[in-house]
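Please keep the sequence and the model at hand while reading.

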Amino acid sequence: MSPWLLMLREMRLRWLNFALALLAVAGAAALVVALAGMGRAANVETKRLMRNLGFNLLVLPGQADLAQYWATDTVKGDMPQSYVQKLAQTRGIGADHYVATLQQRLSWRGLQVVLTGILPERNAVDAGDKAPMGYSVGPGECFIGYAIAKALGLKEGQEIEIAGVRLKIARCMVEDASKEDVRIYTHLMDAQRILKLPNRINTIQALGCLCKGGELEILRGRIAKVLPDTYVTQLQNIATARMQTRHMVEQNAGVVVSVVVLTAALWVALLAWLNVRERRQEIGVMRALGFGSCHVAVMFLGRAVLIGAVGALLGFAVGTWLAGQYGADIFKLTFAKVKPAMDLLPRTVFGAVLITALASLLPAMIAVTQDPARTLTEE
Amino acid sequence: MIRLEQVSKQFPGRRGPVRALDGVDLQIADGEFVAVRGPSGSGKSTLLLTLAGMIQPTAGTVTVNDRSLYALSGQGRSRFRAENVGFVFQMFHLVPYLNVLENVALPGRLVRVGADVPDARCRARGLLERFGLQDRLEHTPAELSTGERQRTAIARALLNDPWLLLADEPTGNLDTETGASVMDCLTELHRAGKTIVLVSHDPGVDAHAGRVLKLRAGRLEGSVPAGG
């Protein structure tokens, strides 16, 4: 009779012990798999939510008057458009996305508006192929702030003219109760034509500072090496909020997984110990019949391996189902990213087997080292 | 031939060491049927397990066929038991999750046999037929009477055809009639050439044994021929 058949028969007899251990392993595996399955969606969702807070790093012309910038959202002076390209192509800055803008306050049809020309985002050369975060306005198009559209009765699809440049309204933006409501977004080239500043920009917005050592002084130092005649400042609240949110999400998931896995391991260890206690005489008989300590160890560790493997497979199925079932409700923006993480299957099985084997190691050692003579002479 | 020379065994106890065997000298010839009798706590089971290589003596030597048993490693003693020793216990100690046939066949995987020897299940089936249990093959131990359990345990002890059979109070949990049939069974095995060492506090076993040893407080007090 093979050791595996022996184990199966034993587990059938003591099904409650087996079921409780299996439940613990499957539960822990399900949680890990569900979190991992939803993890991708969680990451993207967090990024999207954080994107709404805006970019956190500003590169301004060296002569910029910060007081004016904060008061009017515009800046005196400008810099070459090529700066954004130069910055994006430099490795090791510590920022991902760069957006070149040219913005100025101007009077248009009796209203004070902020004209913002933006160039489609450029990813840093070492940031990989990351999705754009901000608006992207096509040439000849514009986005109109809520207050302007309301005051002038503008609608999407209408054409407007600013300083002789004709633009089609691609979007009338929703009320934001901020300066966004008096902003007109255009493509950078259109803004340059309106303001007669060809190939010039006055702000580079960036998103970064998440890496360790990404503090402002370090960033300033890195950017100053590339663009020495600029001034770098950081929107601290946004940077901190981004960092804290991301760390909180990662830490919470890490703590929950650690606690659940540890609890499951302790539970498996307790059940394995109870199993050894219950089988003391059986172990004694096996030894008397001539089964060596290796056989006894295999009996208990093999049982753990079986529980780990079956529990992991069960947990993977349940976790995948949970992620699919509830992921869409939790991540409303990015539910399409909730997919079965098949690449996790071998890691889940290996991890569960390893943890159950480690949890059962001490009970198995107790079984191996127990004195069979003593149990056989017990009444 | 089994030889014990000045074998002593002490166990740690709450009120100091407990001496289970005290300078035991004993020789058991091949094919002998030896009954060791004594009251509870006299060291009978300790003596039996010492003979099986399961309790290392505190002092003295145990020699089996001119080979010192405790000079072997733990693994070596396990192999010695699998190949040479059959065990019968008072509490039967059948594995509860295996049926009768599987219980008897269990030690079969420990010993390699030649191609001419039937496999363990086949041998187990033959033994169970011999002990009148051919209708109980698929039953679990819980479904057997106590007599059937003990006969199953004896069949298991015989599976690897050991020359030495060690029986620890084999009739202790049986009624008189069933106990007598188990003793008849052991007697038959003795006649077939097995060396049997049986420990019991039951005087009824004396009639079956070739020699009866009296053990008291770990010391052999005498060796008398019996009627077996």
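**Salt bridges and exposure**

Glu278(A) counts as exposed, its relative accessibility being 53% (exposed means over 50% relative accessible area, buried under 20% and partly exposed in between, with a 1.4 Å probe and protein chains only). This is a predicted model, in which local features need pLDDT of at least 70 and side-chain atom pairs count only at pLDDT 80 or more, while totals for chains, interfaces and linings use all residues. Residues are numbered from 1 along each chain as its sequence is written, chains are lettered from A and ligands numbered from 1 in the order in which they are written, and side-chain values use heavy atoms, with hydrogens and water left out.

*Chain A*

- Glu278(A) forms a salt bridge with Arg14(A), with 3.4 Å between the closest N and O atoms (a side-chain nitrogen of Lys or Arg within 4 Å of a carboxyl oxygen of Asp or Glu).
- This pair links distant parts of the chain, 264 residues apart, since Glu278(A) lies in helix H8 (residues 236-278) and Arg14(A) in the loop between helix H1 (3-13) and helix H2 (15-51) (helices are DSSP runs of H or I with at least four residues, numbered from the N terminus).
- Arg14(A) counts as buried, at 10% relative accessibility.

*Chain B*

- Arg19(B), partly exposed with a relative accessible area of 41%, forms a salt bridge with Asp22(B), the closest N and O atoms being 3.3 Å apart.
- Glu221(B) forms a salt bridge with Arg216(B), where the closest N and O atoms are 3.4 Å apart; Glu221(B) is exposed at 52% relative accessibility, whereas Arg216(B) is partly exposed at 47%.

*Network and total*

- Salt bridges that share partners join Glu10(A), Arg14(A), Glu278(A), Arg279(A), Glu282(A) and Arg303(A) into one network.
- Over all chains, the structure holds 21 salt bridges.

Note on methods:
Helices (H or I, at least four residues) and strands (E, at least two) are DSSP runs, numbered from the N terminus.
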